[in-house]
Structures are given as C-alpha cells and as structure tokens.
Amino acid sequence: MAAGGRATCADPASSPEVTVPSYQGKLALYESDPGGDKDIKFNITTPGTYTIALNTATLEMTCTLVKEGDPDTSGYSHVWVLGDATENGWEWNTMPEMTQDAANPDVFTWTGTLKEGQIKFPLDKSQGTFVGDCVVAKADNTPIGTELDFDIENLPKDPGALDRKWFVSADQAGTYTVRLDFGTKKISFTKQ
C-alpha cells in the first residue's frame, strides 16, 4: 500500500505504478462526498492503455498495462478488408490489407473495387478464420458513406458481439478509398 492511504496497482513486467483512491486499505467507492473532496483522481506515472478490473464485493482492483505509450493510439498495426462486396469475397487467406498512415498510425486506407454486398474489417488474423477483433458497423447492413461511426467487436469469442457489416448497394458499386480512423472512431467510403 502506498503512503497516504491509497492502494497501488502495478504491472510487474514494466513496473508502472497507478495510485488510486482508497479507504482503510480498500478501493474507495463513494456514493456521496463525506469529506468534501469531489475531485478524487488516479495518479498514473506510466502513460499507456490499461485494463482495470474492479471487484465491488471485495473492493479490490487490478490494473494491467495493455500498451505503453500514447493512450490515444489504437495499438492496431494491421487492418484487412473482408466481405462479398470485395473482389476476394469472404476468402480469409486472400483478404487485402489496408495501409497504415506513417504520420498518424491510427489511420488506415485502402483503395479498391466494391460491388453489391457486405463488408467488415478484421484486425487480427492470428486467432483463426473469422475470430478476433473486427471493425464493424453500428447496425447491420449500414449503407456505406462518409464519417460513419464504428465499433470494435471480438468475434465470435464475445458471446454478446454482433457481427454487423456495412452494405454496398448495386447503385453504389465502383472504386472507393476507404479511410478508417481509430482516433475518431470514424470510417469513410469515398467513391473515386
């Protein structure tokens, strides 16, 4: 336990320290503000993306460093294009890869032909066919367009994950540049 009555979580691999508010050695969960200090903050000494698990029964918390560095970057280094709207269809082993922007690693682009059908964007090929994180539409069969919001779902390991795809209609078919931005969580389909 760190000084000042705070619980400390650390990742043993890189030893970043995260100090969190606590009460009697347990994580403080406040419904009211008895001490008048409404601005209770976490103190994170190593910037990065963390997973935080909270057990409300035991008031214990674990912090795990997922990715060290700027937490505003996605951490994804590959994005593929998959669906029957593409020339390769649903062929997992031949899906084209998007190009990561060297100046902004959150941005990926791809230019190619889209025909009538569905499309989504896998982020991981290592877990096997149709498994792993995937960029999906907010609703199934969302028409393609510009500045559309997206979700990231873990398919099919996530029991609640919905495999929602974008839809290209026959009159929209043509050559497109697709731009995916993890920083803004927006995707654009721009006809060439």
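**Strand pairing, step by step**

Gly112 stands opposite Tyr176 in strand 16. This comes from a predicted model.

Student: What makes strand 9 and strand 16 a pair?

Tutor: Two strands pair if DSSP finds at least two bridges between them. Strand 9 (residues 107–114) and strand 16 (residues 174–181) are joined by eight bridges and run antiparallel, so they meet the definition.

Student: Which residue is the bridge partner of Tyr176 in strand 17?

Tutor: That partner is Lys191. Six bridges link strand 16 to strand 17 (residues 186–191), again in the antiparallel sense. Strand 16 and strand 17 form a hairpin with four residues between them, and Lys185 in that turn has a positive phi of about 55 degrees.

Student: Why do strand 13 and strand 15 count as paired?

Tutor: Two bridges join strand 13 to strand 15 (residues 166–168), and the cut-off is at least two, so the pair qualifies. These strands run parallel, and Thr142 stands opposite Trp166 in strand 15.

Student: How many helices and strands does the protein have?

Tutor: There are zero helices and 17 strands.

Student: What makes a residue count as buried here?

Tutor: Buried means under 20% relative accessible area. Of the 192 residues in the protein, 38% are buried. The protein exposes about 10800 Å², and carbon and sulfur atoms supply 50% of that area.

Terms used
Residues are numbered from 1 along each chain as its sequence is written. This is a predicted model: local features need pLDDT of at least 70, side-chain atom pairs count only at pLDDT 80 or more; totals for chains, interfaces and linings use all residues. Side-chain values use heavy atoms; hydrogens and water are left out. Buried means under 20% relative accessible area, exposed over 50%, partly exposed in between (1.4 Å probe, protein chains only). Accessible areas come from the Shrake-Rupley method with a 1.4 Å probe; for residues, only the protein chains shown count as cover.
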